[in-house]
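Have a look at the model first, then follow along.

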Amino acid sequence: MAKACLYCNKDLEGRVDKKFCTSYCKSSYHYQKNKESEDSLFQKIDRHLKTNRRLLKEYNKAGLATVRKEKLINNGFNPTYFTHYWKNKEDKVYLFCYEYGFLDIKDKYVLVTWQKYMDR
Ligand SMILES: [Zn+2]
């Protein structure tokens with residue numbers, strides 16, 4: 001049975017290990033592959049950010065709260081993903097997922113919401 005080009009599906013002739021009919025098909029194929037994995041990385045990060053935001057919002061109904069880390073993390077919170085940060089006068093760094101932020105203190109997170117004065 002003849003093998004087909006991975007990009008355009010045309011029957012391949014010649015060498016058994018050939019995968020593409022032309023170098024054009026080869027580069028198009030790799031371009032598309034790259035683009036797909038780029039998209040899926042984008043979607044993965046996007047998902048993490050949205051989950052984080054939802055949890056920060058959920059646990060921060062009063063505008064300021066302290067929660068045990070494991071409570072958030074067990075619900076799918078992933079502190080590696082955040083959109084930006086704010087540093088206060090004492091050089092403490094609050095990480096934000098959109099308008100909801102958290103400060104890491106030992107086994108807890110202090111939850112805050114984004115304030116106008118942080119925007120500078
Ligand atoms: Zn081809």
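Helices (H or I, at least four residues) and strands (E, at least two) are DSSP runs, numbered from the N terminus. I noted that this is a predicted model, where local features need pLDDT of at least 70 and side-chain atom pairs count only at pLDDT 80 or more, while totals for chains, interfaces and linings use all residues. Residues are numbered from 1 along each chain as its sequence is written, and side-chain values use heavy atoms, with hydrogens and water left out.

**Entry 1: the hairpins**

Strand β3 (residues 93-97) and strand β4 (residues 100-105) run antiparallel, joined by three bridges. Two residues separate β3 from β4 in a hairpin, and Y98 in that turn has a positive phi of about 60 degrees. Next I checked β4 against strand β5 (residues 108-113): the pairing is antiparallel, over six bridges. This is again a hairpin with two residues between the strands, and K106 in the turn has a positive phi of about 50 degrees.

**Entry 2: N60**

I found N60 in the loop between α1 (23-58) and β1 (64-68). Is N60 buried or exposed? N60 counts as buried, at 4% relative accessibility; the cut-offs are under 20% relative accessible area for buried, over 50% for exposed and partly exposed in between (1.4 Å probe, protein chains only). Leaving out residues up to four places away in sequence, N60 touches A65, Y100, L111, V112 and T113, where contact means heavy atoms within 4.5 Å.

**Entry 3: the zinc site**

Which atoms hold the zinc ion? I listed C5 (SG), C8 (SG), C21 (SG) and C25 (SG), at 2.3 Å. Donors are N, O and S atoms within 2.8 Å of the metal (3.2 Å for Na, K and Ca), and water is not among the atoms, so sites may look incomplete. The donor residues follow the spacing C-x2-C-x12-C-x3-C. C5 and C21 both lie in the segment before α1, so the pair ties together parts that are 16 residues apart in sequence. C5 is buried at 1% relative accessible area, whereas C21 is partly exposed at 22%.

**Entry 4: T22**

T22 sits in the segment before α1 and is partly exposed, with a relative accessible area of 36%. I also logged T22 and P79: 57 residues apart in sequence, 46 Å apart in space, C-alpha to C-alpha.

Terms used
Two strands pair if DSSP finds at least two bridges between them.
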